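Reader: Hello! Could you take me on a close look at one part of this model, and then show me how it sits in the rest of the chain? I'd enjoy one connected account with the numbers left in.

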Amino acid sequence: LHHLRLKMVVRGNLRRLDRTYAPYFRFADGTVAVLSNDFWLRAGGFHRSCLTFMAPKGAKVFANDEESARSIRLDSPWSGYVAFGRPLTFKTAHNVIIQDKALPAWIGTSLRDRIGQISNFYASKLGFRRIPEMFIFSAARDSGPHAPSGFHADVLPGSMTFNFFGPDWAVRQPAAVNSVIGLLAHELFHVWNRNLDHWSPGNLLVVEGGAQLARALVEHKFESAQRPVLKQVSGALNRCLNELSPDRSLASQLRRAPRLLPYECGLPFVLATVKTGRHSKSLQEAFFAAWRSALGHTGRHSYDWKALIGPDTRGSVAAGLRQAISVRGGYVSNLRTEFREDGYDLAPVAAPSRRQRQAAARRLMQELMASNCRGAVSMFVKYPRGFLIARLPSGRRCEMLRANDFVVKIQGQSPWPHPFALSKSVAKACTARGSVGISLEGDPAEAKMMCSAAVHAIARPVALHALIVRQHPCCAAARGSPAT
């Protein structure tokens, strides 16, 4: 019998990597959590050793819904995170919550108030599942009033983590509350749908897109705002298009740098997959019926994305959706075909909103920077002034732009009022002359920015609508109409 005792000293936090679980994190109140999976010895699989976590002097250890001033022994390699310290603890009817003392109190209250409602809703559709222990904390590498704000959440078999960072969470605001509840709805759905059969672009889209559509259904059912689900799908689709590169397929981008694509592109992809109107069901009924079919009677089966498609349409639908993922520039055209068959119309927006125009202007500036600097460059959007170049990647120089430059005009125009027409002008100038005019704040002279790579015209945003189909009364029950 061999004993190995480890002592850990944790200071600060690591920078998050996309699609990974942090090996450890530190609460703002000093509590430390470590990923227990990393401590299991491997020998032809996980070696069932005696793994015991001991509490530091004057603190407690927390894991698997337990807390102890002495030690906790774990019997499973998939127990999630283990915490050490003196955080706040709450026991709800559904799970145990470990909360950072430095976290704004309203965040914890909002989450605790909705765990039962959302969990019961999912359980009523997909069967009971144990809700893992939840860690809610505030931690970031940067601090101060100008630090970036955001969140990061993960779900493991033994724990859920919610990290809220930055000044935007300090005060309870309606938009912030909606974000917290929406994030909870998304992550709780992963308790049911996380068991992917294997990694693939399609599976990544349905696991995250499924949680996003579940979130939209929860918000429509329970929240006072009750945003129409199709409007949320349209918003996600437009954000997806703003992130997609015209030069690569969605599948290749998911393999290289997923970022927000699994969420924004996944939501409309899942809507096209569950095929609502074809089966005379509401969107909510079709969505949960598809997941019941994919997960099996126990709700615990691993699954592939094609299992969400009904057996009567599986071949043709799977082929169209596979094209949407794998063909360069084929995402929207193939989804439009699937939506049309299912009673939805996808059409360009006649009058884009200010937010949509801002997103298009930002995308145009990103394309210009990528062309001039041969790669992505960080920037801040300072509406209505322009774009502040933040920093250049290490070892990279742009042909014109420098850190702290403030771009205020492109081709002699402000980028905000008509970004779609401006992007066509920029694409044409890059093709014809190999350069575009750029104006910097404080410099009246227009400078020429060379286009070292193609700059693409930006497509107008689209909106998804339910088609109104006039049917004879005897036929109405045969198909039904898709719900919004």
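**A linked pair of cysteines and its surroundings**

Author: Let's start with Cys-430 and Cys-451, which form a disulfide with their sulfur atoms 2.0 Å apart. Please keep in mind as we go that this is a predicted model. The distance lies within the 2.5 Å cut-off, and therefore the pair counts as a disulfide. The angle about the S-S bond is -60 degrees, and the link of Cys-430 and Cys-451 is left-handed. Cys-430 belongs to helix α12, while Cys-451 is placed in the loop between β18 (447-450) and β19 (462-466), so the bond links distant parts of the chain, 21 residues apart. Both Cys-430 and Cys-451 are buried.

How many disulfides does the cut-off give? The count comes to two. The other one joins Cys-240 and Cys-265, whose sulfur atoms are 2.1 Å apart. Here the angle about the S-S bond is 95 degrees, and the link is right-handed.

Two packed helices are described by the angle between their axes and the distance between the axes. For helix α11 (residues 354-373) and α12, the angle is about 20 degrees and the axes are 9 Å apart. An angle under 35 degrees counts as roughly parallel, so α11 is roughly parallel to α12. The crossing of α11 past α12 is left-handed. Which residues meet there? From α11 come Gln-356, Arg-357, Ala-360, Ala-361, Leu-364 and Leu-368, and from α12 come Pro-419, Phe-420, Leu-422, Ser-423 and Val-426. Sorted by class, the contact holds eight nonpolar, two polar and one charged residues.

Gln-411 is located in the loop between β16 (406-410) and α12 (419-432). Its phi is near 55 degrees, a positive value in a residue other than glycine. Asn-64 has a positive phi too, of about 50 degrees, and Asn-64 is not a glycine either. Asn-64 lies in the loop between β4 (60-63) and β5 (66-68). With a relative accessibility of 27%, which falls between the limits of 20% and 50%, Asn-64 is partly exposed.

For the peptide bonds, have a look at Tyr-383 and Pro-384: the bond that joins them is cis, with omega about 5 degrees. Pro-384 is in the loop between β14 (378-382) and β15 (386-391).

Thr-31 is in the loop between β1 (24-26) and β2, and Ser-36 is in the loop between β2 (32-35) and β3 (51-54). With a relative accessible area of 1%, Thr-31 is buried. For Ser-36 the relative accessible area is 0%, so Ser-36 is buried as well. What does each of them touch, leaving aside neighbours within four places in sequence? Thr-31 is in contact with Phe-25, Arg-26, Ala-83, Phe-84, Gly-85, Arg-86 and Pro-87. Ser-36 is in contact with Leu-51, Phe-53, Leu-74, Ser-79, Gly-80 and Val-82. The C-alpha atom of Thr-31 is 9.7 Å from that of Val-10, and these two residues are 21 apart along the chain.

Finally, the chain as a whole. It has 13 helices and 19 strands. Of its 484 residues, 48% are buried. Counting contacts between residues at least 6 apart in sequence, 65% join residues at least 24 apart.

Technical notes. Residues are numbered from 1 along each chain as its sequence is written. This is a predicted model: local features need pLDDT of at least 70, side-chain atom pairs count only at pLDDT 80 or more; totals for chains, interfaces and linings use all residues. Side-chain values use heavy atoms; hydrogens and water are left out. Helices (H or I, at least four residues) and strands (E, at least two) are DSSP runs, numbered from the N terminus. Buried means under 20% relative accessible area, exposed over 50%, partly exposed in between (1.4 Å probe, protein chains only). Contact means heavy atoms within 4.5 Å. Axes are lines fitted to C-alpha atoms, for helices over the stretch in contact, and angles run from 0 to 180 degrees between N-to-C directions. Angles under 35 degrees count as roughly parallel, over 145 as roughly antiparallel, 65 to 115 as roughly perpendicular and the rest as oblique. A crossing is left-handed if the near helix is turned anticlockwise from the far one by less than a right angle, and right-handed if clockwise. Ala, Val, Leu, Ile, Met, Phe, Trp, Tyr, Cys and Pro count as nonpolar, Asp, Glu, Lys and Arg as charged, and the others, Gly among them, as polar.
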